[in-house]
2 protein chains.
Amino acid sequence: MTFEVTILGSSSATPVYNRNPTAQLLNCNEKFYLIDCGEGTQQQLIKFGLKASKIDFVLISHLHGDHYFGLIGLLSSMHLNGRIKPIHIFAPEALKEILDIQFKHSDTKLRYELIYHFINPKKSEIILENSDVVIQTIILNHRIPCTGFKFTEKKRLRKVVVERLEAAGVPLEYYAMLKRGLDLTLPNGEVLLNVDYTTDSATPKTYAYCSDTLMDERYFNSIRNCDTLYHEATFLHEMIDRANETHHTTALQAAEIASLVQAKKLLLGHFSSRYKTLGPILDEAKTLFEASELAVEGHTYQI
Amino acid sequence: MTFEVTILGSSSATPVYNRNPTAQLLNCNEKFYLIDCGEGTQQQLIKFGLKASKIDFVLISHLHGDHYFGLIGLLSSMHLNGRIKPIHIFAPEALKEILDIQFKHSDTKLRYELIYHFINPKKSEIILENSDVVIQTIILNHRIPCTGFKFTEKKRLRKVVVERLEAAGVPLEYYAMLKRGLDLTLPNGEVLLNVDYTTDSATPKTYAYCSDTLMDERYFNSIRNCDTLYHEATFLHEMIDRANETHHTTALQAAEIASLVQAKKLLLGHFSSRYKTLGPILDEAKTLFEASELAVEGHTYQI
């Protein structure tokens, strides 16, 4: 099953040096989840050849502009491009007010439905569960209420070993039962044990998205053992005072968190406009956590 | 005196083919006026090496998103980049409500002042007059209230002919009077006629910005004899029905307007996303008005 994330924006606060404010596109089994939507996200989708029309879920972590200013434009373009499919929006409640007032004054009546799911900023909870994924909020510690999101793949069905089933002359219509883990009794009374004809599916993977936040151990349980941890790393650690003051994290802290929660991989993002080159951010994180990578716009990371 | 406009966005409605929604930066005597501000305008300023900090005036024609969705991000970045200078915003009244609600929910307290000048959408009037320019609204005909803007340079002072004044031994302190058009009586009683020692300054130029609108003769008087007419040309004339339905103009109509009002130059913009190449738009306009040009992003046009 596809489970990958494409970075659309990696900048904090203001766009600079060809870096755009935060946005990511998560593809989970060919369903598309947009995580945050800074200004210019729709242009980034076009630039990277990604179809906005495929997005069915939008998740907004908080109402600082670098995480949502692009949403009104994206939704407006979807409307102008003929969208009729509903879209689910998981966001702080005030986002609806912000969007509604803009639709009102432009006299825009969307031809598709916005289905809002307001996020409780105080309690980590499951906000979506479908056949592919479970999404749970992560309560972060920022200047205004801010939630991260943990995406956990659903366990897939067992895989049938087709050659063995064909050799045993098992008709196709029995495969579904085997995939669900059942043993088979054939019409002639023969019993086929599931373990002999199937293999287990891959272990479900998890992706945790944490932006923006102070390092705060209260959210560590929510992200423990995740496969890929995206964590903001706005500053180098020499700027720790500034990080604390603005409720952000340093690259060293992001690496420490990845290490403490035993993440398998760390993806660093949300870089301050003061950094023209990002090598030092990556180097700093790697001193504590080797499996660190920079979130590079246009790149897709397997989870 | 500098009087030129740089195109930051030339697309209508949705961004496509590397074209951004509408925005222009007018430089009048090194004072900067931002005309409309579609999503991604701050990124365009960065891309073209223009300083947002120099902008002291913002004019918003109407509240369709492709003309203002970039403003909240631009104003937020100005704040984050330390701006303390006030900025003047000429816009429909509801814009304040749209901006205020977003500043409120992001807990942003700007360190600089937004000075609003609400536009009367029903009456063409002067909205700004300073030592460089007079700005007058143009009442357009769109689906929601929409105003264009006519910028008329102020007549400059007469130019002194320095060689003649030096030959006549006229002290520097008399130059200011001559520039203002006065004759001079020297201490020895000699009279210097102004016309002998000065030349007239250039004729003031006018720039008219018309987007978005149906072709409607009621606004022609407001733009008569302008030096450069920017006019939207969303469609080719074969799409006249669609243009009428959406309250837009075709390239042929824009050319007809330029011809009727005796503009010296026509700048075409606000191109529909259906046009990947713009040659046909320019060709169509030139059949009626030879001095037509396409508004190309990043290009600067002398007025």
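Here are some friendly notes on a predicted model with chains A and B, one topic at a time.

1. **The sheet in chain A.**

2. **A pair of strands to trace.** As a reminder, strands of a sheet pair through backbone hydrogen bonds, either parallel or antiparallel. In chain A, β1 (residues 3-9) and β2 (residues 23-28) take the antiparallel sense, with six bridges between them.

3. **A residue with an annotation.** UniProt, in an unreviewed entry, places the feature "active site" at A:D66. You will find A:D66 in the loop between β4 (55-59) and α2 (71-80) of chain A. Is A:D66 buried or exposed? Its relative accessible area is 10%, which is under the 20% cut-off, so A:D66 counts as buried. Leaving aside residues up to four places away in sequence, A:D66 touches A:S12, A:A13, A:P21, A:T22, A:G38 and A:H270. The side chain of A:D66 also makes a polar contact of 3.4 Å with the side chain of A:H67.

4. **Where the chains meet.** How many residues of chain A are in contact with chain B? There are 34 of them, in contact with 34 residues of chain B. The area buried between the two chains is about 2600 Å², and carbon and sulfur atoms give 60% of that. In chain A, the residues that lose the most area to chain B are A:E39, A:F69 and A:H105, together 24% of what that side buries.

5. **A threonine in chain B.** Finally, visit B:T41, which sits in helix α1 (residues 41-47) of chain B. B:T41 counts as buried because its relative accessibility is 1%. A polar atom of the B:T41 side chain lies 2.6 Å from the backbone oxygen of B:G38. Not counting residues up to four places away in sequence, B:T41 touches B:L8, B:N20, B:A23 and B:L34, and also A:E39 from chain A.

Notes. Residues numbered from 1 in each chain as written. Chains lettered and ligands numbered in written order. Predicted model: local features only at pLDDT ≥ 70, side-chain atom pairs only at ≥ 80, totals over all residues. Heavy atoms only, no water. Pairing = 2+ DSSP bridges. Helix = DSSP H or I, 4+ residues; strand = E, 2+ residues; numbered from the N terminus. Buried < 20%, exposed > 50% of the residue type's maximum accessible area, 1.4 Å probe, protein only. Polar contact = N/O pair within 3.5 Å; in protein donor to acceptor, adjacent residues only side chain to side chain. Contact = heavy atoms within 4.5 Å. UniProt positions renumbered as here; feature names shortened; annotations may be inferred. Buried area = accessible area lost by both parts, 1.4 Å probe.
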